[in-house]
Amino acid sequence: MSRISETSSHRLSFYDVLEVSRTATLEEIRRSYQTLALRYHPDKRKASEREAGGDERADQFIRIDEAWKTLRDERLRRIYDAEQMQRAEEYFVNEILTEADFERDAEQGDVLLRTCRCGGYYILPEDVQPGESIYVSCDECSLIVQVNTVPQR
């Protein structure tokens, strides 16, 4: 599972935290991160600002740093995007699959992958419950597959 913040008061996506679009390049993400990190870094604030809103600004800096550490890494970003799509409400399912249709890729951190017709990948989240049906999006295009997992006996 990726490092996704799930606190009730902070449900912004990492893209929202870094103020970039989902299709932003690594360079766009890097520039935004650097700007926001300078703005919210605890060492860059005056003493009066630290006393007034120190905890909230420190929390914001931590979220900015967490977002950067995930989105700068191509593999973590793909997993994060797949998990975000899983949380979406509406799906147009392109194909129905099972876990057996995925291949384990030790090179990518022992994740289950399936190649999409566009050349991208469907990445099966690690925290799938047995017997659960989930939706997985391609990391390159808009296609979505439904994956039916086998219930435990």
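Let's start with the sheet. In this predicted model, three strands form an open sheet. Their order is E1-E6-E5, and the pairing is mixed. Which strands stand at the edges? Strand E1, residues 93-98, and strand E5, residues 133-137. Each has a single partner strand, so one side of each is left without a neighbour in the sheet. Neighbouring strands here are turned against each other by 30° on average, ignoring direction.

A quick reminder on pairing. Strands of a sheet pair through backbone hydrogen bonds, either parallel or antiparallel.

Now look at E1 and E6. Strand E6 covers residues 144-148. How many bridges join E1 to E6? Five, and the two strands run parallel. Find Glu 95 on your screen. Opposite Glu 95 stands Val 145 in E6.

Next, Gln 146. This residue also sits in strand E6. Is Gln 146 buried or exposed? Its relative accessibility is 15%, and buried means under 20%, so Gln 146 counts as buried. What does Gln 146 touch, leaving out residues up to four places away in sequence? The list is Val 93, Glu 95, Ile 96, Leu 97, Ser 133, Ile 134 and Tyr 135. There is a polar contact as well: the side chains of Gln 146 and Asn 148 are joined at 2.9 Å.

Last stop, Glu 19. Move to the loop between helix H1, residues 14-17, and helix H2, residues 26-40. Glu 19 lies in that loop. Its relative accessibility is 55%, so Glu 19 counts as exposed. Check the backbone too. Phi of Glu 19 is near 55°, a positive value in a residue other than glycine.

Key:
Residues are numbered from 1 along each chain as its sequence is written. This is a predicted model: local features need pLDDT of at least 70, side-chain atom pairs count only at pLDDT 80 or more; totals for chains, interfaces and linings use all residues. Side-chain values use heavy atoms; hydrogens and water are left out. Two strands pair if DSSP finds at least two bridges between them. Helices (H or I, at least four residues) and strands (E, at least two) are DSSP runs, numbered from the N terminus. Axes are lines fitted to C-alpha atoms, for helices over the stretch in contact, and angles run from 0 to 180 degrees between N-to-C directions. Buried means under 20% relative accessible area, exposed over 50%, partly exposed in between (1.4 Å probe, protein chains only). A polar contact is a pair of N or O atoms within 3.5 Å; within protein, one must be able to donate a hydrogen and the other to accept it, and residues adjacent in sequence count only if both atoms are side-chain atoms. Contact means heavy atoms within 4.5 Å.
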